[in-house]
Amino acid sequence: MAERTANGESSAFSALHERYFGPICRMAMRMLGDQAEAEDITQEVFLIAWRRIGDLDEPGAIGGWLYRVARRRCLLAIRLARRQQMATADDLSGGHPVAAARSVDPVARAEIEACARDLERELAELTRQQQAVWLLVEVDGFSYVEVAQALGLSQQAVRSTMTRIRTQLAKSMRAWR
């Protein structure tokens, strides 16, 4: 499907869009908590796919690639929203640090951001295939059968990959329990 899309077949892109739009939008919705923003991000993902699908090294891995693009776009949107929230807190407090601290709990925010950075760092150390498996299972809620089909792996490969990832993350994220 990706190869046909890269060759300009609009019907192949339509099939790709139809297959992945819903699942990617649901993943974005879970990450962002806003349906309109999730739909906007999903549209951006497919615009990027239309422009860059020919650059893929492995066209068969289009599903994982789309999820990675969507995840990055969601994380960018979250960062931008966080910056806007901080700017709003500064505006509301008139730049006064005590008033700003009251409007946004800095301890909770710092803990959440530190944990998220640690998790992102650990996930970045995974191979692309491991990242795709983890995102599809943990973020999008796909079954092992669906992940195996989407990535062209056996169910056992998906199961063992998830076991290794969970073990690795449990060790590295122990401090955040």
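Mentor: Start with Arg 68, which is in contact (heavy atoms within 4.5 Å) with Arg 128, Gln 131, Ala 132 and Leu 135, leaving aside its neighbours within four places in sequence. The model is predicted, with local features needing pLDDT of at least 70 and side-chain atom pairs pLDDT 80 or more, while totals for chains, interfaces and linings use all residues. Residues are numbered from 1 along each chain as its sequence is written, and side-chain values use heavy atoms, without hydrogens and water.

Trainee: OK. Where does Arg 68 lie?

Mentor: In helix 4, residues 62-93. Helices here are DSSP runs of H or I with at least four residues, strands are runs of E with at least two, and both are numbered from the N terminus.

Trainee: And is Arg 68 buried or exposed?

Mentor: Its relative accessible area is 11%, so Arg 68 counts as buried. The cut-offs are under 20% for buried and over 50% for exposed, with partly exposed in between (1.4 Å probe, protein chains only).

Trainee: Let me back up a bit. How many helices and strands does the chain have?

Mentor: The protein chain has 9 helices and 0 strands. Along the sequence the pattern reads α-α-α-α-α-α-α-α-α.

Trainee: What share of the residues counts as buried?

Mentor: 37% of the 177 residues in the protein chain. On contacts, take the pairs at least 6 apart in sequence: 61% of those join residues at least 24 apart.

Trainee: Next, helix 2 and helix 3. At what angle do they pack?

Mentor: About 140 degrees, and the axes of helix 2 (residues 10-32) and helix 3 are 8 Å apart. Axes are lines fitted to C-alpha atoms, for helices over the stretch in contact, and angles run from 0 to 180 degrees between N-to-C directions. Helix 2 and helix 3 are therefore oblique to each other. The classes are roughly parallel under 35 degrees, roughly antiparallel over 145, roughly perpendicular from 65 to 115, and oblique for the rest.

Trainee: You mentioned Thr 42. Is Thr 42 buried or exposed?

Mentor: Thr 42 is buried, with a relative accessible area of 0%. This residue sits in helix 3, residues 35-52. Not counting residues up to four places away in sequence, Thr 42 touches Phe 21, Ile 24, Cys 25 and Ala 28.

Trainee: And Ala 49, what is that in contact with?

Mentor: With Phe 13, Trp 65 and Leu 66, once neighbours within four places in sequence are left aside. Ala 49 is also found in helix 3, and at 0% relative accessibility it counts as buried. From Ala 49 to Leu 16 is 9.8 Å, C-alpha to C-alpha, across 33 residues of sequence.

Trainee: Now the other end. How do the axes of helix 7 and helix 8 cross?

Mentor: At roughly 140 degrees, with the axes of helix 7 (residues 128-139) and helix 8 (residues 144-151) coming within 10 Å. That makes helix 7 oblique to helix 8. Ala 132, Val 133, Leu 136 and Val 137 of helix 7 meet Tyr 144, Val 147, Ala 150 and Leu 151 of helix 8. By class, the contact has 8 nonpolar, no polar and no charged residues.

Trainee: What does Leu 136 touch?

Mentor: Tyr 67, Gly 141, Phe 142, Val 147, Ala 150 and Leu 151, not counting residues up to four places away in sequence. Leu 136 is buried, at 1% relative accessibility. Leu 136 and Met 27 are 109 residues apart in sequence, yet 8.9 Å apart in space, C-alpha to C-alpha.

Trainee: Last one. At what angle do helix 7 and helix 9 cross?

Mentor: Roughly 90 degrees, and their axes come within 10 Å, helix 9 being residues 155-172. Helix 7 and helix 9 are therefore roughly perpendicular to each other. The contact includes Trp 134 and Glu 138 of helix 7, and Met 162, Ile 165 and Arg 166 of helix 9. By class it has 7 nonpolar, 2 polar and 2 charged residues.

Key
Nonpolar A, V, L, I, M, F, W, Y, C, P; charged D, E, K, R; others polar.
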